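Let's take a walk through a protein model together. Keep the picture open as you read.

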Amino acid sequence: MQYDPKVSHRLKRIEGQLRGVLRMMEEEQDCKEVITQLSAIRSGVDRTIGVIVTNNLMDCVVNAEGDEAQLNTVVQQAMDLVIKSR
């Protein structure tokens, strides 16, 4: 699967947020601020998972070329990935 450059950008942003949280902890900032940032990171990861699963599903549907059994299989696999990510 080829990943959209936007996905890499999202992950780099998340990486920066994680570094920021570590810095906040080293600076002994308020736990509420740390938790707020961690929640934002979790949300960003969830959205990134959604983008990857959606793009993969779209590719699989296009490649299934109307094969109903194959379509059912790829949709089930996509749903399994979403459930696994929770």
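## How two helices cross

The crossing of helix H1 and helix H2 is left-handed. This is a predicted model, so keep that in mind as you look around.

Where do you find the pair? H1 covers residues 5-26 and H2 covers residues 31-64. In general, two packed helices are described by the angle between their axes and the distance between the axes. Here the axes of H1 and H2 come within 10 Å and cross at roughly 165°. That angle makes H1 roughly antiparallel to H2, because anything over 145 degrees gets that label.

## The loop in between

Now look at the loop between H1 and H2, where you'll find Glu 28. Most residues other than glycine have a negative phi. Glu 28 isn't a glycine, yet its phi is positive, at about 55°.

Is Glu 28 buried or exposed? Its relative accessibility is 70%, so Glu 28 counts as exposed; the cut-off for that word is over 50%.

How many salt bridges does a search of the whole structure find? The search turns up one. Side chains of opposite charge can pair when their charged atoms come close. In this model, the side chains of Glu 15 and Arg 19 meet that way, with 3.0 Å from N to O.

Both Glu 15 and Arg 19 sit in helix H1, four residues apart, which is about one turn of the helix. Glu 15 has a relative accessible area of 39%, so it is partly exposed. Arg 19 is at 49% relative accessibility, so Arg 19 counts as partly exposed too.

## A nonpolar patch on the surface

Next, find Val 75, Met 79, Val 82 and Ile 83. They form a nonpolar patch on the surface, and together they have about 330 Å² of accessible area.

With 58% relative accessibility, Ile 83 counts as exposed, because the word applies over 50%.

## A buried valine

Back in helix H2, look for Val 34. Its relative accessible area is 9%, so Val 34 is buried; that word means under 20%.

How far apart are Val 34 and Val 74 in space, C-alpha to C-alpha? The distance is 38 Å, and the two valines are 40 residues apart in sequence.

Key
Residues numbered from 1 in each chain as written. Predicted model: local features only at pLDDT ≥ 70, side-chain atom pairs only at ≥ 80, totals over all residues. Heavy atoms only, no water. Patch = residues over 30% accessible without salt bridge, like charges linked within 9 Å, V, L, I, M, F, W, Y side chains within 5 Å. Areas by Shrake-Rupley, 256 points an atom, 1.4 Å probe, with all protein chains shown as cover. Salt bridge = Lys/Arg side-chain N within 4 Å of Asp/Glu carboxyl O. Buried < 20%, exposed > 50% of the residue type's maximum accessible area, 1.4 Å probe, protein only. Axes fitted to C-alpha atoms, helices over the stretch in contact; angles between N-to-C directions. Parallel < 35°, antiparallel > 145°, perpendicular 65-115°, else oblique. Left-handed = near helix turned anticlockwise from the far one by under 90°.
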